[in-house]
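Subject: Structure for your files

Hello,

Here is the structure you asked for. My notes on it follow below.

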Amino acid sequence: MGNYEDTYLARRPQELCNMCGRCCRVVTTSKPYDELLKLQAENDEGACEFLRIFVPYPSIEAARKVDAEVVDNVIELLKEDNNYDENKLTFYGCKYLLDNNLCSIYEERPVLCKHCPATPWSIVPPGCGFEGWLFLERENTKQRVRKAKEDLLELELLKQKNPSPDILKKIASVEHKISNTIELYKRYGSYDW
Ligand code: SF4
Ligand code: SF4
């Protein structure tokens with residue numbers, strides 16, 4: 001399936017961004033704020049980078065006043081995943097976003113901004129220019145994983161034909177690669193696709 005940079009980032013059509021600034025104005029993370037602070041204290045690169053630009057809103061309600069649709073969309077998705085805990089949810093706004101929705105440090109913006117939306121499963125604000133493209137990316141990935149599963153079944157049949165040890169070795173290597181691919185998408189549900 002190729003590496004992440006080649007298969008996803010390099011193909012991502014940046015022109016789909018309509019520069020609404022919503023993904024800079026109200027965002028959240030999968031890790032709670034206190035965990036991010038701990039990681040920052042341990043010099044974790046991702047946490048340090050995130051907290052260098054993003055400032056937490058004092059409450060969910062304060063974030064809702066800035067962009068209620070984004071906040072409610074995130075909460076709804078977390079509830080669908082049985083993953084909503086009000087006490088562990090913090091929203092943040094970037095201190096470098098200008099009133100005209102442009103980034104005041106665009107040339108030096110962190111990698112996390114350059115990679116946004118970072119995966120086909122990234123939660124983007126409703127109406128984000130990437131929505132349709134991300135949907136297609138998710139569906140294409142699912143198709144590739146389903147095909148990989150079919151390939152696994154075919155390899156299983158091949159093994160039943162008592163091939164030579166050399167062939168068996170090659171089959172094992174291919175099986176290993178395919179299994180790794182399925183595992184890679186495990187958190188998005190690849191075993192159920
Ligand atoms: S929410 Fe989507 S369209 Fe808006 S600025 Fe972010 S990436 Fe671009
Ligand atoms: S640094 Fe720029 S691109 Fe990144 S979140 Fe802030 S305003 Fe957006």
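Which residues in helix 7 meet which residues in helix 8? From helix 7 they are Val145, Ala148, Lys149, Asp151, Leu152, Leu155, Glu156, Leu158 and Lys159, and they meet Leu168, Ile171, Val174, Glu175, Ile178, Ser179 and Ile182 in helix 8. Contact here means heavy atoms within 4.5 Å. By class, this contact has 10 nonpolar, one polar and five charged residues. The classes are as follows: Ala, Val, Leu, Ile, Met, Phe, Trp, Tyr, Cys and Pro are nonpolar, Asp, Glu, Lys and Arg are charged, and the others, Gly among them, are polar.

Before the rest, some ground rules. This is a predicted model, in which local features need pLDDT of at least 70 and side-chain atom pairs count only at pLDDT 80 or more, while totals for chains, interfaces and linings use all residues. Residues are numbered from 1 along each chain as its sequence is written, chains are lettered from A and ligands numbered from 1 in the order in which they are written, and side-chain values use heavy atoms, with hydrogens and water left out.

Helix packing

(Helices are DSSP runs of H or I with at least four residues, strands are E runs of at least two, and both are numbered from the N terminus.

Tyr33, Leu36, Leu37, Leu39 and Gln40 of helix 3 make the contact with Ala47, Cys48, Phe50 and Leu51 of helix 4. Of these residues, eight are nonpolar, one is polar and none is charged.

Ligand surroundings

Around ligand 1 are Cys17, Asn18, Met19, Cys20, Gly21, Cys23, Pro125, Cys128, Gly129 and Phe130, where a residue counts if one of its heavy atoms lies within 4 Å. This shell has seven nonpolar, three polar and no charged residues. Ligand 2 is surrounded by Cys24, Ile53, Phe54, Cys94, Tyr96, Leu97, Cys103, Ile105 and Cys113; the nine are nonpolar, with no polar and no charged residues.

Backbone details

Cys116 and Pro117 are joined by a cis peptide bond, with omega about -10°. Pro117 is in the loop between helix 6 (111–114) and helix 7. Asn82, in the loop between helix 5 (60–80) and strand 2 (92–94), has a positive phi of about 55° although it is not a glycine.

Regards
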